[in-house]
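Thanks for coming, everyone. I have one structure to walk through today. Please take a look at it on the screen.

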Amino acid sequence: MRTVLARIAVALTTGMIFGFGLSLSGMLDPARVRGFLDVAGNFDPSLAFVLAGAVMVSTIGTLISRRLRRPLLDSKFHLPVKHDIDVPLVAGAAIFGAGWGMSGLCPGPAIASLALGFLPTYVFAGTMLAGILLHDHWPQWLWQVGRKTS
């Protein structure tokens, strides 16, 4: 029980720090993000510093985790086991990039922006949730429909 409470406390704390960082860096402003992604138009390179900072923090975290046998609050690291670059991965990355470019939001900033109370953010988060549910349940649903019709 103590470990579960510690995990929840760490998750809340790191989530709040992450959301604060997104807010401080301007990542919650879709117009600013679209400006960064618009390399052929009104390109705003200021978010490159945010990306550089994120890469630096991630690199430090990765280097520290490689020295640990296990995480402090879990029995093992939960890392991806699949390393292949396949069609679903590339298609998903393309859809993610297109959605990010059109809306100026990606999942982290969208969730952090919910606290601001803007309707477009709620629409984005709702459609994102629908996409997640569709992805997770569509193959199973197709399998059940195919089984009933055959």
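Phe96 and Trp100 sit four residues apart in helix H4 (residues 87-103), so about one helical turn separates them. Helices here are DSSP runs of H or I with at least four residues, strands are runs of E with at least two, and both are numbered from the N terminus.

A word on the ground rules. This is a predicted model, where local features need pLDDT of at least 70, side-chain atom pairs count only at pLDDT 80 or more, and totals for chains, interfaces and linings use all residues. Residues are numbered from 1 along each chain as its sequence is written, and side-chain values use heavy atoms, leaving out hydrogens and water.

Back to the rings. How is a pair of aromatic rings described? By the distance of the centres and the angle of the planes. Rings of Phe, Tyr and Trp (its six-membered ring) pair if their centres lie within 6.5 Å; planes under 30 degrees apart are stacked, over 60 edge-to-face, and the rest tilted. That rule gives two aromatic pairs. One of them is Phe96 with Trp100: tilted, 6.3 Å centre to centre, with 40 degrees between the planes.

Are these two residues buried or exposed? Buried means under 20% relative accessible area, exposed over 50%, and partly exposed in between, with a 1.4 Å probe and protein chains only. Phe96 has 42%, so Phe96 is partly exposed. Trp100 has 19%, so Trp100 is buried.

Next, Thr121. Thr121 lies in helix H6 (residues 119-149). Its relative accessibility is 6%, so Thr121 counts as buried. What does Thr121 touch, leaving aside neighbours within four places in sequence? Leu105, Ala110, Ser113 and Leu114. Contact means heavy atoms within 4.5 Å.

Now the whole chain. The protein has six helices and zero strands. Of its 150 residues, 15% count as buried. The C-alpha trace spans about 55 × 45 × 35 Å along its principal axes. The radius of gyration is 19 Å, while a compact globule of 150 residues would be near 15 Å. That radius is taken over C-alpha atoms, and the globule rule is 2.2 Å times the number of residues to the power 0.38.

One last number, on contacts. Take those with a separation of 6 or more: residues 24 or more positions apart account for 40% of them.
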